[in-house]
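Please keep the view open while you go through the points.

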Amino acid sequence: MSETVVVIGGTSGMGLATAQVLSSEGYRVIISGRSQDTINKALSQVAGDSTGFPLDFTDAASVASFFEQVGSLDHLALVGSGKAVWGNFRDLKLEDLKVAFDQKFYGFLLCTQAALSKLRADGSITFVIGGASRSAIPGTTGVAAVNGAIQAMAFTMAKELAPLRVNILSPGLFDTPVYDRAYQGSSC
Ligand SMILES: NC(=O)c1ccc[n+]([C@@H]2O[C@H](COP(=O)([O-])OP(=O)(O)OC[C@H]3O[C@@H](n4cnc5c(N)ncnc54)[C@H](OP(=O)(O)O)[C@@H]3O)[C@@H](O)[C@H]2O)c1
């Protein structure tokens with residue numbers, strides 16, 4: 001039987017590309033997005049026995065309901081985006097940084113905790129973070145903080161949760177809808 005992979009944020013960009021590759025290699029893929037519309041659109045571009053359910057990781061009830069529908073799984077990939085905070089440290093606004101943590105950091109944490117009881121004991125979790133937390137790029141202190149917090153948490157999780165593997169993927173730049181939003185000043 002094929003292994004099941006949940007891709008949080010599988011409706012767009014790198015999450016959609018991940019779902020496409022995994023399904024073409026025979027995995028059963030379950031994607032999430034915040035609406036059934038974006039899920040259906042994405043599923044039309046994903047091969048095989050794939051499905052999807054709505055999930056907003058800023059909403060604990062939505063996360064719980066998603067994982068109830070998913071059932072057991074072998075791997076969890078967290079590729080969703082959240083509202084990011086760009087700009088120099090001097091100008092960082094605490095309320096913006098709190099929103100960024102509420103979305104990507106606590107969103108990933110909430111999804112991972114909800115998935116744990118459903119995950120195969122020696123399966124895997126993969127967090128997609130980003131280059132800001134390792135590259136010291138001026139104007140990205142807020143983004144670096146959020147992604148660096150996920151990385152720091154994952155190192156310790158890997159020890160606590162073994163034999164479950166906990167991975168960090170920290171890519172460089174990819175041309176995805178993230179950038180359209182970033183240049184409009186809202187970003188992800
Ligand atoms: N693109 C890059 O160059 C790059 C580089 C390094 C790291 N990253 C990181 O990689 C991740 C994916 O980036 P991407 O460029 O592929 O982004 P993207 O194309 O904007 O896709 C974002 C995904 O996250 C989902 N999402 C957004 N808000 C959500 C929420 N509140 N709850 C649940 N899901 C939510 C979206 O689903 P719906 O819109 O369907 O709701 C969508 O599936 C991000 O964490 C980003 O920071 C990106």
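**Notes on the ligand and its surroundings**

1. Of the 30 residues around the ligand, those that come nearest are T11, S12, R34, F174 and T176. Please bear in mind throughout that this is a predicted model.

2. On its own the ligand has 910 Å² of accessible area, of which the protein covers 92%.

3. Among the helices, α1 and α7 each supply at least two residues of the shell around the ligand, and α7 gives the most, with four residues.

4. T176 sits in the loop between β6 (165-169) and α7 (177-183), and because its relative accessibility is 14%, under the 20% cut-off, T176 counts as buried. Leaving aside residues up to four places away in sequence, T176 touches G13 and M14.

5. Helix α1 (residues 13-24) has twelve residues and reaches 17 Å from its first C-alpha to its last, close to the 16 Å expected. Which residues of α1 are buried? They are G15, L16, A19, L22 and S23, and seen down the axis of α1 they fall within an arc of 130°, so they line one face of the helix. The cover over these buried residues includes β1 (4-8), β2 (28-33) and α2 (36-43).

6. Just after α1, G26 takes a positive phi of about 100°.

Conventions: Residues numbered from 1 in each chain as written. Predicted model: local features only at pLDDT ≥ 70, side-chain atom pairs only at ≥ 80, totals over all residues. Heavy atoms only, no water. Expected span 1.5 Å × (residues − 1). Buried < 20%, exposed > 50% of the residue type's maximum accessible area, 1.4 Å probe, protein only. Arc of directions from axis to C-beta. Contact = heavy atoms within 4.5 Å. Near = heavy atom within 4 Å. Areas by Shrake-Rupley, 256 points an atom, 1.4 Å probe, with all protein chains shown as cover.
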